[in-house]
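Here are my notes on the model, point by point. Please read them with the structure open.

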Amino acid sequence: MGTTIGRIVVWWLWVLIIGGAAWPLAWRLFPRFPDRGYALSKALGLLLWGYILWLGSTLGVLHSTFGGALVALGVVLLLSYVLARDAWTRTEGSCPALVTWWRGHRSSLVYTELLFLLAYLGWAYVRAQSPDIATAGGEKFMEIAFINGILTSRVFPPHDPWLAGYAISYYYFGYVMIGGLIQLSHVPPSVAFNLAGATWFALTVTTAYGVMRGFGRLTRSRLWGLLAALVVALMGNLEGVLEVLYARRVLPVGFWRWLDIRSINVPYNPNEPASWIPHRFIWWWQASRVLHDKDLLGNTMEVIDEFPAFSFILGDMHPHVLALPFVLLTIGFALTLFQRDKGRLPAEETPGSRWARWRAVVESHFPRRDDGVLYALALGGLAFLNTWDFPIYLALVIGVIALREAYDVGHVDWEGVGRAVGVGALLAVLGVLLYLPFYIGFQSQAGGILPNLFNPTRFSQFFVMFGPLLVMLFLFVWLHRGEGSGRWKVYARWLLGVWLLPWVILASIVFLFLVTPAGQTFLRHVFENPQVQANIGGRGVGQLLLYILALRLRVPWTFLILGGGLAWALCRLVQFPWDGDEEGASAFALLLIALGLLLTYAVEFVYIKDLFNTRMNTIFKFYFQAWVLWSLAGVYALALAARRLRGTWRLIALSVPGVFIALGLVYTLLAIPARSELKQAGVTLNGEAWVAKAFPDDYAGIVWVREHTAPEDIILESPGGSYSFHGRVAAFTGRATLMGWDFHELQWRGAALNRQAGSRAGDIERIYKSARGPELVDMLRRYGVKYLIVGSLERQKYGIGQARERVFESTLDPVFAQGSMRIYRRPR
């Protein structure tokens, strides 16, 4: 227990130190936030520190060691001092400005620090209840493999533990930060994995708290900051309440069949008694699979619709979770950019060349060049953390700049939008250049954009997913119902455009396929495929088009409601009033709403093509960000209602969303203990303790490899499919094996995997099953394999018996043996 507490404290202290190093810079960057950005300083510090550590290790200037991490921290401290020198050189009274400010606001900073500490300790306790870095039902095995791969790589790019000889081909920036914290704190990776989960939860809570309070005078109360943190990080969707009703058998079976959410769309089990507590195995998982897509034969197609509370409860340290605090930091950057003074000389009145006018435009938004670099660093960091987030929040920053451009003329015009896009493009290019080494070695499975023809989202399922947030967004719309009256013709044009545009695009795509020779050839090849015929039920092109149209007409409400909301938001944005703090904050909230509507509306018509050939990942990534955007805007709407309304209307406006928030929290309160029932090794922060209990021989071999081999040594163990126990030695030690989870590697590398993996699968099988004497040694030497792992998995997969083991013993050097686990070293 003492060791565990010590590790918790040491880890927290290093996070505190990193945030403290960036605090002077945050103080300068967020001048209108009530805490001057203190709640965002830890995320800012981790971003800068992680970037310097990664870049230094990539260029060979630093090493991924304790010393390298410490030097990177020193650079952050130096940069923070230099870039925020006004905080030290400008005096107020007899003290530097920052010190004077701190003396008057120390209670606010202490409160924020206590909030972070309570969130960190609280979630560390939650993680200790379900600590296993297990293979089933999540990505933890992959994530610990990346962390250990980074820890065993002195320079970057780090090697891929599941594909020896190649670097990680994934967005791994978050794992660099975790690895750096491990280097500083000396906490074992299996413990650090769960402490990192607690840290990222606490970062999300405090950053959401700080951003909400930064909206303006209306939300400066700590109450609104805490509510934003609750809604962003802890509130669940309404599926948890439905699970309770289903377990209690409150509603008729026909209702569940109509709602058609998997696992609860079937008749009640007569062998299970009615209960107010769901007891179905991993019932809490279903909240991340609310949408139910089907192919044309009615077969289920997987769709992921995670939200932050589910992700934190699940416990995966996946990129969308690792990026979350930095998403909120970027929203904070966009908000503080929006709040800056907007008075300036219009670009067209700036004397000089076109270049001089463009320079004037950029400087009007970023008077200090280092500010522009920091914004590009944050945006580019999102691409390295979770690439899907980069274009989303680049669009947010472009929207903010467009609104700033509109300030002088009183409305959004196309010239201002063009200038905003130009500045955004400059930030995007700079963001890519700052992280260029990452892109050089990065491959992806993404294969363009495909139309979503067969799966319009049912609004009932959409409401289950976003119900509490939609109620708050409706409140925002209702509060602005009287503004802009007389603009119905303008709104009608926007509505018509938003509703018709995707149909025009889809119709154009279909037309090109039908009339062009290339399109006709493509369709012929597609329709000749037996699998395609099975999926479309034997329909021809004409029948298929009629079916799609009928399907859209039968399920229109999500498309109509989201399109109507997006049209209203865009119409209001282009004419929004700018007078006063409240109107400005409302404009920013409306921009968040519009961006969330665009994300959820887009997946009704298109998705990013990947290996799954469904809209699963696109919905996953877009809905997750819509949750964050709408959470902040929704809490702002509550604050606005509390300010504007009185009496009965105020009570209704606050209590109805409050009821829905409480319904959303039902999921969280029940899912946390239900998730903990899956633990295999008791209450602990050690994520590999379950391996020692369930697979003691394998675990002993893992410990031996960790303690007796060099970080750069290559091992060979059996490869296998995703979510299996294959690749376990490489995952828990960071030593690279020839092949780990093969389908995951295909997802990360796409078509490049065929070239990179070559004949490895066949050669691995030959090594384990038939190669003898010099041939066996030569094959191991050709791949640089120094240690051969033979455990229960290898015996089962390759049918290794005593005769084959005698071949290994006579040809190789036995170095470890316990139970079913053997490790052999290749002769020198």
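**Notes on rings, sheet and helices**

1. Arg 458 lies over the face of Trp 258, and the distance to the ring centre is 5.2 Å. Keep in mind that this is a predicted model. A second case involves Arg 552: its charged end sits over the ring of Phe 605, 5.0 Å from the centre.

2. Phe 605 also takes part in an aromatic pair. Which geometry does the pair of Phe 559 and Phe 605 have? The pair is edge-to-face, with 5.4 Å centre to centre and 80° between the planes. Phe 559 belongs to helix α25 (residues 557-574). Phe 605 sits in the loop between α26 (580-602) and β6 (606-608). The two are 46 residues apart, and the pair links distant parts of the chain. Both Phe 559 and Phe 605 are buried.

3. Helix α25, which carries Phe 559, has 18 residues. From first C-alpha to last, α25 reaches 26 Å, close to the 26 Å expected at 1.5 Å a residue. Of its 18 residues, 13 are buried, so α25 is largely enclosed by the rest of the structure.

4. The count of aromatic pairs comes to 72. One of them joins Phe 141 and Trp 162. This pair is tilted, at 6.5 Å centre to centre and 45° between the planes. Phe 141 lies in helix α6 (residues 140-151), while Trp 162 is in the loop between α6 and α7 (173-185). The pair therefore ties together parts that are 21 residues apart in sequence. Phe 141 is buried, with a relative accessible area of 0%. Trp 162 is buried too, with a value of 1%.

5. Now Phe 326. Phe 326 is in helix α14 (residues 324-339). Is Phe 326 buried or exposed? Phe 326 is buried, because its relative accessible area is 2% and the cut-off for buried is under 20%. Leaving aside neighbours within four places in sequence, Phe 326 is in contact with Ala 43, Leu 46, Leu 47, Met 177, Trp 200, Leu 382 and Leu 385. The C-alpha atoms of Phe 326 and Thr 204 are separated by 8.5 Å, and these residues are 122 apart along the chain.

6. Next, the sheet. What is the strand order in the open sheet of five strands? The order is β8-β7-β9-β11-β10, and the pairing is mixed. The edge strands, β8 (736-737) and β10 (813-818), each pair on one side only.

7. Both senses of pairing can be checked. Strands β7 (residues 714-716) and β9 (residues 785-790) pair in the parallel sense, over three bridges. Ile 714 stands opposite Val 785 in β9. By contrast, β10 and β11 run antiparallel and are joined by five bridges. Phe 816 has Ile 823 in β11 as its bridge partner.

8. Which strands does helix α37 lie across? Helix α37 (residues 802-811) lies across β9, β10 and β11, running at about 35° to β11.

How values were computed: Residues are numbered from 1 along each chain as its sequence is written. This is a predicted model: local features need pLDDT of at least 70, side-chain atom pairs count only at pLDDT 80 or more; totals for chains, interfaces and linings use all residues. Side-chain values use heavy atoms; hydrogens and water are left out. Rings of Phe, Tyr and Trp (its six-membered ring) pair if their centres lie within 6.5 Å; planes under 30 degrees apart count as stacked, over 60 as edge-to-face and the rest as tilted. Helices (H or I, at least four residues) and strands (E, at least two) are DSSP runs, numbered from the N terminus. Buried means under 20% relative accessible area, exposed over 50%, partly exposed in between (1.4 Å probe, protein chains only). A charge sits over a ring if NZ of Lys or CZ of Arg is within 6 Å of the ring centre and within 35 degrees of the ring normal. Two strands pair if DSSP finds at least two bridges between them. Contact means heavy atoms within 4.5 Å. Axes are lines fitted to C-alpha atoms, for helices over the stretch in contact, and angles run from 0 to 180 degrees between N-to-C directions. The expected span of a helix is 1.5 Å times one less than its number of residues.
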